[in-house]
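Reader: I have a model open and want to learn how to read it. Where do we begin?

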Amino acid sequence: MNDKWFRANRVFLVVILLTFGGGAATSASSWQGSSSQKPVLAHFPITIQDDLGRSFRFNTPPHRIVSLSPGYTETLFALGVGDRVVGVDDYSDYPPAAASRVKVGGGHHANLERIVALQPDFVVALVEQEEVDALVARGIPAVRLFPKDFEGVLHTILLLGEVSGTDQRAQQIVAGMNGRIDQIEVRVKGLRPPRVFLELDGTDPVRPFTAGPQSFIGDMIRAAGGWNIAHGIHTPSSQISLEAIVEEDPEIIVLTDSTNPINPQSKEDVLNRRGWAGITAVRKGAVIGVGNVFFFRPSPRFVDGIELLARIFHPEAFQ
């Protein structure tokens with residue numbers, strides 16, 4: 001997703017509990033709890049590189065971790081090192097144990113003084129480049145990981161496993177995610193992909209934001225058996241004109257902004273938008289609002305979002 005746009009809107013993109021409708025239950029099978037995992041020391045010291053191109057050396061696994069992303073908080077707990085997480089951003093709400101950790105801000109800015117006071121030996125961030133710069137300047141290993149596609153999400157899980165000394169657990173998680181995606185793709189194989197418009201932010205209904213095909217949300221749509229009408233977008237996310245939407249004529253509209261604290265969009269809002277009445281999805285009422293927790297958090301639960309989309313696109317495959 002476009003870094004600048006994500007940063008400006010993260011306040012409402014990372015808070016929301018997603019629930020399955022139509023009788024489908026929320027699945028967290030890719031998340032296996034937070035029991036303590038003993039670090040594997042054999043491969044230390046290690047050196048890693050983050051998405052800012054900076055290298056960090058770790059002689060031992062970190063024991064005081066701060067996460068500035070709900071997705072990375074989820075991943076660290078799934079790796080079994082939740083007991084080492086001493087601070088999290090304000091939007092880390094899963095698993096429930098994360099609520100007991102010190103909150104260090106988030107949204108537009110993290111509280112640097114609060115982070116420093118926690119004496120972390122590892123900080124992981126998603127979009128906070130300025131905060132990462134400031135922490136590194138103070139001698140704190142702070143890495144920024146910004147996956148741009150599904151393979152990037154898997155890479156961050158493996159990297160966090162490497163840093164925390166839980167390589168085997170990370171590999172198990174990634175294998176489980178790949179296995180679930182294989183199962184989903186088997187279910188939807190051979191079915192006609194419906195034309196899909198996935199809305200990220202409909203504040204401007206004439207030029208709403210959507211995800212391009214070269215993004216992890218684009219990968220989700222594709223794996224779920226859908227055809228992304230924003231195939232002409234060459235960035236992870238961008239605004240798209242109403243004229244382009246009408247021309248592509250989506251059969252299904254998915255609203256990941258349906259539960260945003262700021263200007264949420266509902267099915268009724270879309271049905272009543274000026275100029276949208278002729279779109280097939282609008283005429284047929286195929287406008288589905290979903291929360292966005294599975295779509296903006298690079299974590300093991302990412303696959304739950306793919307299954308959710310697959311159930312929307314191809315309900316017959318899950319009967």
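Author: This is a predicted model. Begin where a helix ends: Gly190 follows helix 6 and has a positive phi, near 85°.

Reader: Where does Gly190 sit, and is Gly190 buried or exposed?

Author: Gly190 lies in the loop between helix 6 (167-188) and strand 10 (195-201). Gly190 is exposed, because its relative accessible area is 78% and exposed means over 50%. Its C-alpha atom is 9.1 Å from that of Gly225, 35 residues apart along the chain.

Reader: What span should the 22 residues of helix 6 have?

Author: At 1.5 Å a residue, they should span 32 Å. The end C-alpha atoms of helix 6 are 32 Å apart, so the two agree.

Reader: How do I read the faces of a helix?

Author: An α-helix has 3.6 residues a turn, so residues three or four places apart point the same way. In helix 6 the buried residues include Ile173, Met177, Ile181 and Ile184. The buried residues fall within an arc of 135° seen down the axis, so they line one face of helix 6. On the other side, Gln168, Gln171, Gln183 and Val186 are exposed.

Reader: Which helices do the buried residues of helix 6 pack against?

Author: They pack against helix 2, helix 5 (150-164), helix 7 (216-223) and helix 11 (302-313).

Reader: And sheets?

Author: Strands of a sheet pair through backbone hydrogen bonds, either parallel or antiparallel. Here five strands form an open sheet, ordered 5-4-3-8-9, with parallel pairing. Strand 5 (102-103) and strand 9 (142-144) are the edges, each pairing on one side only. Helix 2 (residues 70-78) packs on this sheet, touching strand 3 (65-67), strand 4 and strand 8 (122-125).

Definitions and conventions. Residues numbered from 1 in each chain as written. Predicted model: local features only at pLDDT ≥ 70, side-chain atom pairs only at ≥ 80, totals over all residues. Heavy atoms only, no water. Helix = DSSP H or I, 4+ residues; strand = E, 2+ residues; numbered from the N terminus. Buried < 20%, exposed > 50% of the residue type's maximum accessible area, 1.4 Å probe, protein only. Pairing = 2+ DSSP bridges. Contact = heavy atoms within 4.5 Å. Axes fitted to C-alpha atoms, helices over the stretch in contact; angles between N-to-C directions. Expected span 1.5 Å × (residues − 1). Arc of directions from axis to C-beta.
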